[in-house]
Amino acid sequence: MTDRIVSWHASPSKPRYTPPAGAVDAHCHVFGPMAEFPFSPKAKYLPEDAGPDMLFALRDQLGFARNVIVQASCHGTNNAATLNGIARSNGKARGVAVVDPAISEAELAVLHEGGMRGIRFNFLKRLVDDAPKDKFLEVAARLPKGWHIVIYFEADILAELRPFIDALPVPVVVDHMGRPDVTQGPDGADMKAFRALLDSRDDIWFKATCPDRLDPAGDPWNAFADAVAPLVADYQDRVIWGTDWPHPNMETNIPDDGHLVDMIPRIAATAELQQKLLVTNPMRLYWPEEL
Ligand SMILES: O=C(O)/C=C(\CC(=O)C(=O)O)C(=O)O
């Protein structure tokens with residue numbers, strides 16, 4: 001791997017939609033800076049630096065108040081870059097870590113102190129070399145109190161993953177709804193399978209995120225809006241939203257972050273739904289002590 005890639009918009013537009021006060025961008029990442037926080041030798045992509053200063057400038061431009069920084073696979077299981085982002089946020093960011101399943105309780109406590117509130121299990125073969133379910137279940141059983149699991153998978157392995165997900169002992173948050181084919185529409189096979197998962201437990205949450213990854217027709221992502229709006233309405237107390245900035249691996253199809261924010265009223269039509277999606281729900285997961 002030689003060239004470092006840029007996967008984010010150089011000058012995103014100002015959104016027309018104004019998020020409610022206290023809105024949380026609950027899925028974003030930081031890359032580096034590499035000189036301070038080198039990428040993992042196992043990284044499947046090598047991005048340019050996209051550090052906390054850039055993230056917080058975008059947060060302010062888009063009208064958000066807080067971030068949840070999810071450890072990106074390019075940093076492996078060394079969470080230093082993500083912890084640095086949280087530390088520099090003045091309490092306005094928390095995070096989700098990726099850990100070696102053999103991590104000790106003492107190390108987990110350090111991550112909690114640094115603002116982490118969950119760990120992520122990534123099942124995308126293009127991003128990670130292995131995803132050992134037995135080891136994941138073992139570490140899931142000894143997380144700090146109040147933590148959850150973030151899980152990232154594609155729709156075609158949901159059936160195979162069901163016994164694993166069913167066995168997870170803490171709340172689960174599914175990245176990008178498990179990447180359904182949104183062109184199938186709101187009642188398509190992928191959405192039906194995902195609804196069945198949500199119906200199986202009331203502590204499975206999801207991120208109504210990434211129209212840019214899920215809708216092949218591109219901006220303005222009409223198929224995404226049609227497929228996702230009913231899901232948000234039907235499961236409104238366990239859905240959160242995020243930009244996914246700096247959009248890892250999207251260098252050939254970079255979304256305008258202002259346009260992503262303008263999707264919000266199209267998937268959550270009322271002020272009440274928007275308040276849950278952007279404030280109440282993410283606060284329950286990441287800053288419960290403030291509620
Ligand atoms: O940002 C995301 O959620 C999705 C990613 C990248 C990723 O998850 C990672 O690098 O850890 C993807 O589909 O390439």
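Eight strands form an open sheet in the order β1-β2-β3-β4-β5-β6-β7-β8, with parallel pairing; strands are DSSP runs of E of at least two residues, helices are runs of H or I of at least four, and both are numbered from the N terminus. Two strands count as paired if DSSP finds at least two bridges between them. β1 (24–28) and β8 (239–240) stand at the edges with a single partner strand each, so one side of each lacks a neighbour in the sheet. The model is a predicted one, in which local features need pLDDT of at least 70 and side-chain atom pairs count only at pLDDT 80 or more, while totals for chains, interfaces and linings use all residues. Residues are numbered from 1 along each chain as its sequence is written.

β1 and β2 are joined in the parallel sense by three bridges, and C28 lies opposite I69 in β2. Strand β3 (residues 93–97) pairs with strand β4 (residues 116–122) over two bridges, also in the parallel sense; G95 has M116 of β4 as its bridge partner.

Strand β2 (residues 66–70) is largely enclosed by the rest of the structure, because five of its five residues are buried (20 or more other C-beta atoms within 10 Å of the residue's own, with C-beta atoms placed from the backbone; 12 or fewer is exposed, and values in between are partly exposed). R66, V68 and V70 point one way from β2, and N67 and I69 point the other way. In a regular strand, side chains alternate between the two faces of the sheet. In helix α2 (residues 80–87), the buried residues are A81, T82, L83, G85 and I86, and these pack against α1 (52–62), β2 and β3.

Beyond its neighbours within four places in sequence, A208 is in contact (C-beta atoms, placed from the backbone, within 7 Å) with M177, V228, L231, V232, V239, W241 and I267.

Terms used. Two residues are in contact if their C-beta atoms, placed from the backbone, lie within 7 Å.
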